[in-house]
Amino acid sequence: MSGNIRLLSDTLAAARAEGRSALIAYLPAGFPTVDGGIAAIKAVFDGGADVVEVGLPHSDPVLDGPVIQTADDIALRGGVKIADVMRTVREAHGATGKPVLVMTYWNPIDRYGVERFTAELAEAGGAGCILPDLPVQESALWREHAEKHGLATVFVVAPSSKDGRLAEITAAGSGFVYAASLMGVTGTRDSVGAQAKDLVRRTRATTELPVCVGLGVSDATQAAEVAGFADGVIVGSAFVKRMLDAADETAGLEAVRALAGELARGVRGTA
């Protein structure tokens, strides 16, 4: 069965055709429970997200700050497995028809088996993977199987990436390019900064792929700012924080649905 890289590409192209950036949300699988995580993703889509990244909880999430680390810990203590991640993708995509990716560090895939992981993700209706710690020069096996199964391979570029390195990374990727807005870990910031705009400019000089910006965006004002120069706005910690701060699961679902609505208006310039 083929994955949904085409759906991802078409979704990003449709947003561009509307003259706006896409809203890409991140939530970890298994948080606060597997069922609760699936419900949260559905709520975020209902609120206006175009794409969702499902995090595969990891014990050492080097790119992630304390908010997502806390959610990952809750999920891991709850016993979340890769099978639960696949179920999350399957049910979220099946209920909405929208593109769902997995964001994961390399070690869980390596231990699970590349062929097994890509085949199951495609069967679940997944659109691809974001792989923040997989070096491009070591990615041939992954890319072979991802392409065979119709899955996007999204690599991360950073403000420190030199132009030659950007070209190497974007040539190997598919779906879109994840541009980290700053050097550091995930988390909400008071401002996104000029580094992100410059990184998008330099990245676009190397590729026709959409360039989507993440790390630090937490409200509609920041989303509108990033939407002014990026093809997609990626928001993670702000959604997770709304869930963590909520009095109960019902309140958490309402909170993330409302935040998605605010951000969706931000990327449309109607906030």
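Modeller: Let's start with pLDDT, the predictor's confidence in each residue, from 0 to 100. Here the protein chain has a mean pLDDT of 92, and 93% of its residues reach 70 or more. This is a predicted model, in which local features need pLDDT of at least 70 and side-chain atom pairs count only at pLDDT 80 or more, while totals for chains, interfaces and linings use all residues. Residues are numbered from 1 along each chain as its sequence is written, and side-chain values use heavy atoms, with hydrogens and water left out.

Colleague: Over which residues is the pLDDT below 50?

Modeller: Where pLDDT is low, the predicted coordinates should not be read in detail. In this model that applies to residues 183-190, where the pLDDT is below 50. Contact means heavy atoms within 4.5 Å, and beyond near neighbours in sequence this stretch has 29 contacts in the model.

Colleague: Now a helix. What span should α4 have, and how far apart are its end C-alpha atoms?

Modeller: Helices (H or I, at least four residues) and strands (E, at least two) are DSSP runs, numbered from the N terminus. The expected span of a helix is 1.5 Å times one less than its number of residues. For the 15 residues of α4 (residues 82-96) that gives 21 Å, and the end C-alpha atoms are 21 Å apart, which agrees. After α4 comes glycine 97, with a positive phi near 70°.

Colleague: Which residues of α4 are buried?

Modeller: Buried means under 20% relative accessible area, exposed over 50%, and partly exposed in between (1.4 Å probe, protein chains only). In α4, the buried ones are Ile82, Val85, Met86, Thr88, Val89, Ala92 and His93. They cover an arc of only 155° around the axis, taken from the directions from the helix axis to the C-beta atoms, so they sit on the same side of α4. Gly94 and Ala95, on the other side, are exposed. The cover over the buried residues includes α1 (5-17), α2 (34-47) and β3 (100-103).

Colleague: How do I read β3, and what does it pair with?

Modeller: In a regular strand the side chains alternate between the two faces of the sheet. Both faces of β3 are covered, with Val100 and Val102 buried on one side and Leu101 and Met103 buried on the other. Two strands pair if DSSP finds at least two bridges between them. β2 and β3 pair in the parallel sense over four bridges, with valine 52 opposite valine 100. Three bridges join β3 to β4 (residues 128-130), also running parallel, and there methionine 103 has isoleucine 130 as its bridge partner.

Colleague: And how many residues does the largest nonpolar core have?

Modeller: In soluble globular proteins, nonpolar side chains tend to be buried together. A nonpolar core is a set of buried Ala, Val, Leu, Ile, Met, Phe, Trp, Tyr and Cys residues joined through side-chain atoms within 4.5 Å. The largest one here has 89 residues, and those with the most contacts inside it are Val44, Phe117, Trp142, Phe176 and Phe239. Helix α12 (residues 249-267) gives the most to this core, with seven residues. Not counting residues up to four places away in sequence, phenylalanine 117 touches residues including Ile82 and Met86.
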